[in-house]
Amino acid sequence: MPEKRQVAIVGVGQTDFGALYTNKDAQRDAYALGAQALRLALDDAGLRKEEVDGLLTARIHYEHAGHVLGIPGPRVINALEGSGRMSGVAVQHAVSLIETGQADVIACVYGNNGRSVKMTYGGAYTGSPTTRYDAMYGMTSPGAYVAMMYRRYMHDYGVPDGALAPIAINNRCNAAHNDVAVMRDQISEEMYRESRFIADPLRLYDYCIINDGGVALILTTLDRARDLAKRPVRVAATAARGSVSNYYTSTDFFYSASQDVAQRVYAGSGYGPQDMDCLQIYDNFTPTVLFSLEGFGHAPRGEAWKWASLDRIARDGEMPINTAGGHTAESYMQGWGHHVEAVRQIRGEAGARQVSDCNIAQYICASPIVTSHILVGE
Amino acid sequence: MDTQKLIAMLPPVTDANRDFWEGTLAGEFRLQHGDSGLPRFPEAPVDPVTLGEDAEWRAASGRATLWSWVVMHQHYFPAFADKLPYLVAFVQLEEGPFLMTTLVDPPEHLECGMALHVVFDKISDDRAIPKFTVVTR
């Protein structure tokens, strides 16, 4: 069997989320947002659209996307659902397809017009065979299922109220240095504590934003990447594990699945948690950051809320987290924006929010599909 | 609360779950057991171990423990608009399955792990909803 090809992310593109957010009444098309991001990603990679021979879409469907983007006949084409766990999954599929030679240049394209269509991420209950059993008690929305986990986490580990404030504050601090971020105003611990509950114990500032935007990533072989203009960002390892039930609420906070993914992603890359120069952690709601830090061996179990102090997770701290502002401050692009930020940090393109000497970054998503990649600058 | 709006949200009674809903009217919380013996809630088409389709419904003990709870402040469902903020509990039945529910007359101080027992809230002639109360020692 021939040796597997190595894979790199060579192009990233994303819309100006803050600018899009200023017009509250716009009716945007998710495919147009994805197209805008694809154009930027192709320019960033220095590749022509005609060179794309694989198209993976998320939140937008492949058939219409392939048509409107003018990529009607790639060797590989498919779509992933519009849930946040799928950004990591899409990158994994792209890596596997390139490794095995089924495609050479894959465009992953994501378009999200959630704000235009007034998404609420709660209140629907007919899409699954079991969600009506939750809805009859008024239970709905991913945030409430995470709140359910966080209350239990507080109980299990003696966590005081307000322990999530550093995560929310850090995201806003980072977004202040991000020209395209939606929420760039700083918040204080007092503001955090006084913000309204959405699903107690979670407050407004624990929640992701709902905004419009698009993100695209271009992946190809590492050999090809070396001929392109920008620093190749190699996918040194990637791994996943399902952790599914009737509920988004995981009774071990996705810990056992995360431990398994962590073991494989660290063994596969040859790096350990201490080697990371920054972490890009899927943060649909702030508790997910704590669950991720523990599941992936960055913080001892039950102690991430103490470990994740503002000093430690700030851009100039020991382990910078969500340097673009994450889902609560930059943009809710369901993990896609976190991938873009990891690449930009490794390339040294993050401007005022650049982490010094950043060569290795980890993406983590603790969710019903736990994913992680280790990205390394060549 | 607008009971008609709530009734419209309930899982429709079907051949697959009729035993469960009849149980709620008879004061029983029934669990489906397939040929592996593993209890399941809510209804599922097959046994998750054997994939066998045969199943029977048995009355559970009605005992459960409080795994966690949230207090919902955000308005999502018109039926719950005048209930805000309201409590949703995630409980584990003694037999194993978890479910979302709510607590009737919860004490001021709740704690994860509290012992609970099922009660049935009859909201119309033909529908009742299982809820739980904290067991006082």
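Mentor: Helices (H or I, at least four residues) and strands (E, at least two) are DSSP runs, numbered from the N terminus. Also, this is a predicted model, where local features need pLDDT of at least 70, side-chain atom pairs count only at pLDDT 80 or more, and totals for chains, interfaces and linings use all residues. Residues are numbered from 1 along each chain as its sequence is written, with chains lettered from A and ligands numbered from 1 in the order in which they are written.

Trainee: OK. At what angle do the axes of H10(A) and H11(A) cross?

Mentor: Roughly 50°, and the axes of H10 (residues 255–269) and H11 (residues 287–295) of chain A come within 8 Å. That makes H10(A) oblique to H11(A), because angles under 35 degrees count as roughly parallel, over 145 as roughly antiparallel, 65 to 115 as roughly perpendicular and the rest as oblique.

Trainee: Which residues make the contact?

Mentor: From H10(A) you get A:Tyr255, A:Ser258, A:Gln259 and A:Ala262, and H11(A) brings A:Ser292, A:Glu294 and A:Gly295. By contact I mean that the C-beta atoms, placed from the backbone, lie within 7 Å.

Trainee: And how do those residues divide?

Mentor: Into 2 nonpolar, 4 polar and 1 charged. Here Ala, Val, Leu, Ile, Met, Phe, Trp, Tyr, Cys and Pro count as nonpolar, Asp, Glu, Lys and Arg as charged, and the others, Gly among them, as polar.

Trainee: Switching to sheets. How many strands form the open one in chain A?

Mentor: 9, in the order S3-S2-S4-S7-S1-S8-S11-S10-S9, with mixed pairing. Two strands pair if DSSP finds at least two bridges between them. S3 (76–80) and S9 (278–281) of chain A stand at the edges with a single partner strand each, so one side of each has no neighbour in the sheet. On average, neighbouring strands are turned by 25° against each other, direction ignored.

Trainee: How do S8(A) and S11(A) pair?

Mentor: Antiparallel, over 9 bridges, S8 being residues 233–242 and S11 residues 369–377 of chain A. As a landmark, A:Thr238 has A:His373 in S11(A) as its bridge partner. H10(A) comes back here: it packs on the sheet and touches S8 and S11 of chain A, with a direction at about 155° to that of S8(A).

Trainee: What are the domains of chain A?

Mentor: The assignment gives domain 1 (1–113 + 213–230) and domain 2 (140–205 + 236–378). Those bounds come from an automatic or database domain assignment. In chain A, 21 residues of domain 1 are in contact with 28 residues of domain 2.

Trainee: Which elements give two or more residues to the domain 1 side?

Mentor: S1 (7–14), H1 (17–22), H4 (86–99), S4 (105–112) and S7 (213–221) of chain A. H4(A) gives the most, with 6 residues. That side of domain 1 divides into 10 nonpolar, 8 polar and 3 charged residues.

Trainee: Now the other chain. How many residues of chain A are in contact with chain B?

Mentor: 29, and they meet 27 residues of chain B. On the chain A side, H5 (131–135), H6 (142–157) and S5 (197–200) each supply at least two residues. The largest share, 6 residues, comes from H6(A). Overall, the side of chain A that touches chain B divides into 13 nonpolar, 10 polar and 6 charged residues.

Trainee: What does S5(A) pair with?

Mentor: With S4 (residues 63–72) of chain B, antiparallel over 2 bridges. There, A:Ala199 stands opposite B:Met72.

Trainee: And which strand of chain B is joined to S4(B)?

Mentor: One is S7 (residues 115–122) of chain B, which runs antiparallel to S4(B) with 3 bridges. B:Arg63 stands opposite B:His117 in that pair. S7(B) is also joined by 7 bridges to S8 (residues 128–134) of chain B, again antiparallel, and a hairpin links S7(B) to S8(B) through 5 residues.

Trainee: Last one: what is the order of the 3-strand open sheet in chain B?

Mentor: S2-S1-S3, with antiparallel pairing. S2 (39–40) and S3 (55–59) of chain B are at its edges. H2 (residues 18–25) of chain B lies across S1 and S3, running at about 15° to S3(B).

Technical notes: Contact = placed C-beta atoms within 7 Å. Axes fitted to C-alpha atoms, helices over the stretch in contact; angles between N-to-C directions.
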